[in-house]
Amino acid sequence: MYEQSLKVAVIGAGMAGLLTARELKREGHRVIVFEKSISLGGTWVYDPRVETNALGLDPARQIVHSSMYRSLRVNLPRRLMGFLDYPFSLKEGGDPREFPGHEEVLRYLEDFARDFRLVELIRFGHEVVRVEQVNEVSHEWVVESRTRGSESEMEGEVFEAVAVCNGHHTEPRIAEFPGMDIWPGMQVHSHNYRTPEPFQNQIVVLIGNGPSAHDILREISSVAKEVHQALRASDVHFKKLENRNNIWQHSVIKCANEDGKVVFQDGSFVYADAIIHCTGFKYHFPFLRTNGIVSVDDNCVGPLYKHVFPPCLAPWLSFVGLPYRAAPTLIIELQSRWVAKVLAGKLALPSEEEMASSVEELYQHMKESGLPKHHTHQLQQNKFDYENWLVTQLRLPPLEEWREEMYFHALKKITSHDDDEYRDTWDVIGGCKDTTAC
């Protein structure tokens, strides 16, 4: 192996893009970050605007990048949110809570970018419209972008490698059911939820069971007349939640009628005013042209070796930050270090054949386990195996044991309806009674 310095394009200036730019810069690469908006932070930049098409189905709609609702607080302790060498510490004048609001995370990212002089690497207001390999021998890639407000003027530039870090909060994924197109009430994807006031005194059906679904469920129940949560789990039956005056759980929606009736598969029904789809997002890379080498199939980006490198395009093309529902901050940091060191020639990848075989083994394992392909990047239960694998590749010291215990403790709280105030009643665990030492 020999060490090298490359010209690398990073797509996106959110958390993944900033970490990747920092690691590439550390390894001596020449880095340019393309950011569509006029500010850094990605999904952590709150925007009170919502899209004209509340479900996000109209491709001609004006896209609002942020999926942030006004009241959002992190659902994991700040000690799990921070980077290994740049802790998410309390700062004077900041949000002192262990589970701070989104403003504090954005401030943290802005401080990180300033302290590591990353802002000077970012081309703000540059939307990437094309990424394509133009020379297979020299591994050159063209990145074509247009500036904010310009639909016709394109700028093209050649790079030796590209890291895709634009996340997945771009294309809402909705729950489809018979009658949804004739149902007369309001339907909105959580991407376009900001505040609970529009649901005042309404009967609301909420689809989903993830962290955002739980947050929004709790918030709108304080103003709505009734909230009915539709869940995909096979063991869910119609019931009213204990200690809740106006929340019911049902199985998935069977159909909806033009008289406003929503029927669930368990036989229960309700006449509702609104349906909120808290159903996640689809990976979407409209700018990426690989002649079908990399594609999105059933919301799985692939083939990717260890969620990062396409075997036949590695290491010149990489993806950082795809795993979700897995406290991805540490994963993103480790992935970005891996990409930077591989491009620098300090770490080697397996052969193309070995990487392709590893991907096929993963797909086969998921199939045998009865898991759909769209769960590929959902590392909720396997995140520590993956993180430890990355740590081994990077030859870093083992991760602290408290991380795993704290994560699963928080995960249990997040998905429970019994402790809405867990963020404010958090007990320090994992052998770390001294909060400053964690």
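1. Basis of the model. This is a predicted model, in which local features need pLDDT of at least 70 and side-chain atom pairs count only at pLDDT 80 or more, while totals for chains, interfaces and linings use all residues. Residues are numbered from 1 along each chain as its sequence is written, and side-chain values use heavy atoms, with hydrogens and water left out.

2. Overall form. The protein chain has 8 helices and 22 strands, where helices (H or I, at least four residues) and strands (E, at least two) are DSSP runs numbered from the N terminus. Its radius of gyration is 22 Å, close to the 22 Å that the globule rule gives for 438 residues, so the chain is as compact as a globular protein of that length; the radius is taken over C-alpha atoms, and the rule is 2.2 Å times the number of residues to the power 0.38. The C-alpha trace spans about 65 × 55 × 50 Å along its principal axes. Buried residues make up 55% of the 438 residues, with buried meaning under 20% relative accessible area, exposed over 50% and partly exposed in between (1.4 Å probe, protein chains only). Among contacts between residues at least 6 apart in sequence, 63% join residues at least 24 apart, a contact being heavy atoms within 4.5 Å.

3. An open sheet of 5 strands has the order 3-2-1-7-22 with parallel pairing, two strands being paired if DSSP finds at least two bridges between them. Strand 3 and strand 22 are the edge strands, each pairing on one side only, and neighbouring strands of this sheet are turned by 20 degrees against each other on average, direction ignored. Strand 7 (residues 161–164) runs parallel to strand 22 and is joined to it by 3 bridges; Val-162 stands opposite Leu-317 in strand 22.

4. Strands 12 and 13 (residues 247–250 for the latter) run antiparallel and are joined by 2 bridges, and Lys-240 has Trp-248 in strand 13 as its bridge partner.

5. Aromatic pairs. A search of the whole structure finds 21 aromatic pairs, counted when ring centres of Phe, Tyr and Trp (its six-membered ring) lie within 6.5 Å, with planes under 30 degrees apart called stacked, over 60 edge-to-face and the rest tilted. The rings of Phe-99 and Trp-426 have centres 5.2 Å apart and planes at 70 degrees, so this pair is edge-to-face. Because Phe-99 lies in the loop between helix 2 (78–81) and helix 3 (102–115) and Trp-426 in the segment after helix 8 (402–414), the pair ties together parts that are 327 residues apart in sequence. Phe-99 is buried at 0% relative accessible area, and Trp-426 also counts as buried, at 13%. Elsewhere, ring pairs link Phe-83, Tyr-86, Phe-88, Tyr-108, Phe-112 and Phe-116 into a cluster.

6. A buried glutamate. Glu-333 lies in helix 5 (residues 328–343) and counts as buried, at 0% relative accessibility. Leaving aside neighbours within four places in sequence, Glu-333 is in contact with Leu-19, Arg-22, Phe-83, Leu-84 and Asp-85.

7. Backbone details. The peptide bond from Gly-302 to Pro-303 is cis, with omega near 0 degrees, and another cis bond joins Ala-314 and Pro-315, with omega about -5 degrees; Pro-315 also has its place in the loop between strand 21 and strand 22. Asn-299, although not a glycine, has a positive phi of about 60 degrees, and at 8% relative accessibility it counts as buried. Arg-117 has a positive phi near 55 degrees, but is exposed, with a relative accessible area of 54%.

Conventions: Axes fitted to C-alpha atoms, helices over the stretch in contact; angles between N-to-C directions.
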